Amino acid sequence: MKNYKNTIKKSVLALFVLISASLFIGCSDDDDPPAPVNEEEVITTMNITLATTGATAITLQSQDLDGDGPNAPTISVSGDLTANTTYTGTIELLNETESPAENITTEVKAEADEHQFLFVSTGAISQTGYADQDGNGNPIGIDFTLVTADAGSATLQVVLRHEPKKPNDGTLADAGGETDITQTFSLTVQ
């Protein structure tokens, strides 16, 4: 009977040690939950409207319905800009892989502190400026201004950066972050 009790005690002790060891291993501090995944927005279309008093609005569009597929985006500009004129600009982003098209601009507005449009111009564009801000007073660029110079040709590159450094000096190099969409438009100023 004594051997039987010793065997039971040893078995219970071994079972206790085994359970304690598995609990100790299973409760490690390095089991942090994975970081939530912030899925990138799918942007197929960028529509830019440039308006000025007394003239028909000019629209710029970049549309890439196959995304990263083999086809290049279709670029269109509805007309020429007027020399020495200030335009108010508005940007709309769409995901046209869905029906109806999803308006990505609302997501950019909702996450304004994590986004910024940057403008790089050459030629007959004298300046661009921001007309909207995020909650911290930093520029977003959904609404902007564009000022033309004397007649000539110009380019306007529009880049949406995700998680840029804010504030920044308005250049791509200083802003950093990841590019969500970029497009360069060739323009004529008359």
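Analyst: H115 sits in strand β6, which covers residues 115–123; strands (E, at least two residues) and helices (H or I, at least four) are DSSP runs numbered from the N terminus. The model is predicted, so local features need pLDDT of at least 70 and side-chain atom pairs count only at pLDDT 80 or more, while totals for chains, interfaces and linings use all residues. Residues are numbered from 1 along each chain as its sequence is written, and side-chain values use heavy atoms, with hydrogens and water left out.

With a relative accessible area of 0%, H115 is buried (under 20%; exposed is over 50%, partly exposed in between, with a 1.4 Å probe and protein chains only). A polar atom of the H115 side chain lies 3.0 Å from the backbone oxygen of E111. Beyond four places in sequence, H115 is in contact (heavy atoms within 4.5 Å) with E41, V108, P139, I140, L160, R161, H162, P164, K166 and D180.

Strand β6 also takes part in the largest nonpolar core. A nonpolar core is a set of buried Ala, Val, Leu, Ile, Met, Phe, Trp, Tyr and Cys residues joined through side-chain atoms within 4.5 Å. The largest one has 30 residues, of which I48, I91, L93 and F117 touch the most other members. At least two of its residues come from each of β1 (45–51), β2 (58–63), β4 (86–95), β6, β8 (143–148), β9 (152–162) and β10 (178–189). Leaving out residues up to four places away in sequence, I48 touches I58, T59, L60, T90, I91, F144, V158 and F185.

F185 is also touched by I75, whose other contacts beyond four places in sequence are Q61, S62 and Q183. I75 lies in strand β3 (residues 74–77) and is partly exposed, at a relative accessible area of 37%. The C-alpha atoms of I75 and F185 are 7.5 Å apart, although 110 residues separate the two in sequence.

Across the whole protein there are three helices and 10 strands, in the order α-β-β-β-β-β-α-β-β-β-β-α-β. Buried residues make up 32% of its 190 residues. Among contacts with a separation of 6 or more, 63% join residues 24 or more positions apart.

Notes
A polar contact is a pair of N or O atoms within 3.5 Å; within protein, one must be able to donate a hydrogen and the other to accept it, and residues adjacent in sequence count only if both atoms are side-chain atoms.
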